[in-house]
Amino acid sequence: MKSIKFFMAALLCLMVSTACLADDHIISSSQLPKAAKLYIQKNYKGKSIVYAEVDYEYGHKKYEVKLSNGVELKFDSRGNCYKIDYDDDYYRARTTSPRGKAHVRIHYDDDDDDFYDD
């Protein structure tokens, strides 16, 4: 009986600690790693950060940043960008000219997160 109570208590502690570490926390852009801030400044000039958040996955920090043009960037704990997501507004803005004709085709492969512009 004591071993069951101990097991249940240990399981409860594990669940609580996992829930606490799994939450995303909104952070200020100044709390991003330096490499992430430099990457955004270099590749997305003139775009502001709508929000930034930190997430703990398996004890490692990961950062997610949403920019004013609808692009979401994901960074590892060192600030290296490993994933870029585009929302629907970004696709419409990039693929439609003022006359309504497509002028840029964007290919996105969901399987291995490769992307490129034509």
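What percentage of the 118 residues in the protein do buried residues make up? The share is 25%, where buried means under 20% relative accessible area with a 1.4 Å probe and protein chains only. This is a predicted model, in which local features need pLDDT of at least 70 and side-chain atom pairs count only at pLDDT 80 or more, while totals for chains, interfaces and linings use all residues. Residues are numbered from 1 along each chain as its sequence is written, and side-chain values use heavy atoms, with hydrogens and water left out.

The protein contains three helices and seven strands; helices (H or I, at least four residues) and strands (E, at least two) are DSSP runs numbered from the N terminus. Read from the N terminus, the elements run α-β-α-β-β-β-β-α-β-β.

Five strands form an open sheet in the order β1-β2-β3-β4-β5, with antiparallel pairing; two strands pair if DSSP finds at least two bridges between them. Its edge strands, β1 (25–27) and β5 (81–86), each pair on one side only. Neighbouring strands of the sheet are turned by 25 degrees against each other on average, direction ignored, with axes fitted as lines to C-alpha atoms, for helices over the stretch in contact, and angles running from 0 to 180 degrees between N-to-C directions.

Within the sheet, β2 (residues 49–57) and β3 (residues 60–67) are joined in the antiparallel sense over eight bridges. Ile 49 has Leu 67 as its bridge partner in β3. Helix α2 (residues 34–43) packs on the sheet and touches β2, β3, β4 (71–75) and β5, contact meaning heavy atoms within 4.5 Å. The direction of α2 makes about 150 degrees with that of β4.

Notes: Buried means under 20% relative accessible area, exposed over 50%, partly exposed in between (1.4 Å probe, protein chains only).
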